[in-house]
Amino acid sequence: MLFLRVSGLTLLFGAFAALVYDGIRLVGSPGRGLPLTSLSAQLDRAPDAHDALQRFFLDNAPSYLWNGIVEPLLVLPIFLLFGVAGTLLFLAGYRSPPPEIVGD
């Protein structure tokens with residue numbers, strides 16, 4: 001449970017950092033629209049990262065998983081992708097507090 005919550009918080013911090021990065025780019029380049037950084041744009045910066053990820057999914061999973069789910073998710077902005085994943089992980093690790101026992 002603690003691992004899920006820590007992982008979720010880490011992804012939420014990453015989402016916040018990506019949102020700040022996109023906000024700084026927005027302020028730094030007025031009149032150019034809303035520059036949202038996608039995960040595929042970040043993977044294209046690293047040599048062969050996008051191809052390695054594609055090869056991993058095509059070798060270890062059915063091809064429809066890459067074409068139908070993973071590839072469309074890579075186009076989403078990083079802050080949205082990390083924010084949703086972090087929230088889901090954080091909520092998956094949530095435990096309700098024990099009931100309070102009150103005696104007279």
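Because the model is predicted, local features need pLDDT of at least 70 and side-chain atom pairs count only at pLDDT 80 or more, whereas totals for chains, interfaces and linings use all residues. Residues are numbered from 1 along each chain as its sequence is written, and side-chain values use heavy atoms, with hydrogens and water left out.

The chain contains five helices and zero strands, and its pattern along the sequence is α-α-α-α-α. Helices (H or I, at least four residues) and strands (E, at least two) are DSSP runs, numbered from the N terminus. The radius of gyration, taken over C-alpha atoms, is 19 Å, well over the 13 Å that the globule rule gives for 104 residues, so the chain is more spread out than a compact globule. The globule rule is 2.2 Å times the number of residues to the power 0.38. Along the principal axes, the C-alpha atoms fill a box of roughly 65 × 40 × 20 Å. The accessible surface of the chain comes to about 7700 Å², and 68% of this area belongs to carbon and sulfur atoms; accessible areas come from the Shrake-Rupley method with a 1.4 Å probe, and for residues only the protein chains shown count as cover. Of the 104 residues, 22% count as buried. Buried means under 20% relative accessible area, exposed over 50%, and partly exposed in between (1.4 Å probe, protein chains only).

Two packed helices are described by the angle between their axes and the distance between the axes. Helix 3 (residues 49-60) and helix 4 (residues 63-74) pack at an angle of about 145°, with their axes 9 Å apart. Axes are lines fitted to C-alpha atoms, for helices over the stretch in contact, and angles run from 0 to 180 degrees between N-to-C directions. The crossing of this pair is right-handed; a crossing is right-handed if the near helix is turned clockwise from the far one by less than a right angle, and left-handed if anticlockwise. Helix 3 contributes His50, Leu53, Gln54, Phe57 and Leu58 to the contact, and helix 4 contributes Ser63, Leu65, Trp66, Val70 and Leu74. These residues divide into seven nonpolar, three polar and no charged. Ala, Val, Leu, Ile, Met, Phe, Trp, Tyr, Cys and Pro count as nonpolar, Asp, Glu, Lys and Arg as charged, and the others, Gly among them, as polar.

Within helix 3, His50 counts as buried because its relative accessibility is 17%. Apart from neighbours within four places in sequence, His50 is in contact with Ser40, Leu43, Asp44, Trp66 and Leu74. Asp48 lies in the loop between helix 2 (39-45) and helix 3. With a relative accessible area of 56%, Asp48 is exposed. Its phi is near 65°, a positive value in a residue other than glycine. Most residues other than glycine have a negative phi.

Residues in other helices were also examined. Tyr21, in helix 1 (residues 2-28), is partly exposed, with a relative accessible area of 37%. Leaving aside neighbours within four places in sequence, Tyr21 is in contact with Thr37 and Arg45. From C-alpha to C-alpha, Tyr21 and Val70 are 23 Å apart in space and 49 residues apart in sequence. Leu73 belongs to helix 4 and is partly exposed at 35% relative accessible area; its C-alpha atom is separated by 17 Å from that of Leu19, 54 residues away along the chain. Thr87, in helix 5 (residues 78-92), counts as partly exposed at 36% relative accessibility. The C-alpha atoms of Thr87 and Phe3 are separated by 14 Å, although these residues are 84 residues apart along the chain.

How values were computed. Contact means heavy atoms within 4.5 Å.
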